[in-house]
Amino acid sequence: MNKKPHILFLFSDTGGGHRSAAKAIIEALNIYHPGQVTTEMLDFFVAYAPPPFDRAHSAYTHIAQVPNLWELGYKLSNGKYRSKLVYDVLWPYVRTAAKDLVNEHPCDLILSVHPIINTPVLRALELGNKPYVIVVTDMVSTHLFWYNNDATLTLVPTEEALQRGIENGMDEDRIEVIGQPISDKFRHPTGPKAQLREAFGWQDDFPVVLMMGGGEGMGPLEDVVRAVDRAQLDLKMVIITGRNVALQRNLEEKPLTTTHEILGFVDSMADLMNAADLIVTKAGPGTISEAFTAGLPIILFTRMPGQEEGNVDYVVDKGAGVWAPTPEKVVDTLRLWIENPEIQAQVAATSKRLARPDAAKNIAHKIISMVKPV
């Protein structure tokens, strides 16, 4: 009996929704090509990175709270020659780890959803030995670490990301736009909007605003929530604090007068988005892509400098939402949209048009075509 092709997914929990993207592609493989391949997810920083890089996850959480420091590191390394220099300097130190990763995880295809690992692993691989696919999870302001012509194929979420790759030396036949991989649940919620709202116990005629700061509950979310509460708008706040236990505790201990729910980390995001009317969020690419698919008008109140700056421009320039970097601007936008539902409806329609809901499914199709026997 022939052995099923094995796919190795390289990711790390260092922001950017890398884990979510990998899981979305694996989900699509299981739904649309059931039983045809086996899969494995590997957090390469945890499993193979030498010190101090093995602590990248905890370091990211801390550095992300100091935006100026993050921006400095991002921009210093994000140049055609500077990015190559970084890898040339680090290669002697990470060579053994990269080769161990390749040798200890035999597979038929490697798929990376993280920018940092690609050049080291591609250097460790014998070129042409097996397909190597990069799925870029930054929407617009893509770091040059993502792009490497030794990869078999690079899949990007937007035309802007494609052009950036080509401008920096990518072969046009090795890169294409496919969208941001998100869970199939966003394409197929568990019911229509009215049914979902009834299940959540939401009044059908009462605007519901999702408020979140990514999986880590990042940014000044509490300040925004308090400002909206003080404004006494006719809405319901559904506040998702993610893994930020301290934020959840603070919001619960100091009562809000506006109708609200406070949720921690949730597995029902697809249904929540498809049942809601508006979203106030950090400018993460995964969340934006999910909001597009749900057709939500978007208020962006914070972003990671460097990698998420282009996301803000994309949403605003396309007309799918606004940039509101202060609590007061968030309140002003919510008031405008709630008092003028025709404006809200227009922004919602634009958001829906920008969606690429089939990205994960299409990536799964490509993977199967690259590993199945001829």
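Modeller: Start with an open sheet of 6 strands, ordered β2-β1-β3-β4-β5-β6 with parallel pairing. Strands here are DSSP runs of E, at least two residues, and helices are runs of H or I, at least four residues, numbered from the N terminus. Two strands pair if DSSP finds at least two bridges between them.

Biologist: Which strands stand at the edges?

Modeller: β2 (38-43) and β6 (175-177); each has a single partner strand, so one side of each is left without a neighbour in the sheet.

Biologist: What kind of model is this?

Modeller: This is a predicted model, where local features need pLDDT of at least 70, side-chain atom pairs count only at pLDDT 80 or more, and totals for chains, interfaces and linings use all residues. Residues are numbered from 1 along each chain as its sequence is written, and side-chain values use heavy atoms, leaving out hydrogens and water.

Biologist: How many bridges join β1 to β3?

Modeller: 4, between β1 (residues 6-11) and β3 (residues 109-112), which run parallel. Ile7 has Leu109 in β3 as its bridge partner.

Biologist: Which strands does α7 lie across?

Modeller: Helix α7 (residues 159-167) lies across β5 (153-156) and β6, at about 165 degrees to β6. Axes are lines fitted to C-alpha atoms, for helices over the stretch in contact, with angles from 0 to 180 degrees between N-to-C directions.

Biologist: Other topic. Is Asn118 buried or exposed?

Modeller: Asn118 is buried, at a relative accessible area of 0%. Buried means under 20%, exposed over 50%, partly exposed in between, with a 1.4 Å probe and protein chains only.

Biologist: What does its side chain make a polar contact with?

Modeller: The side chain of Tyr132, at 2.8 Å. A polar contact is a pair of N or O atoms within 3.5 Å; within protein, one must be able to donate a hydrogen and the other to accept it, and residues adjacent in sequence count only if both atoms are side-chain atoms.

Biologist: Last one. At what angle do α4 and α5 cross?

Modeller: Roughly 95 degrees, with the axes of α4 (residues 67-77) and α5 (residues 80-104) coming within 7 Å. That makes α4 roughly perpendicular to α5; angles under 35 degrees count as roughly parallel, over 145 as roughly antiparallel, 65 to 115 as roughly perpendicular and the rest as oblique.

Notes:
Contact = heavy atoms within 4.5 Å.
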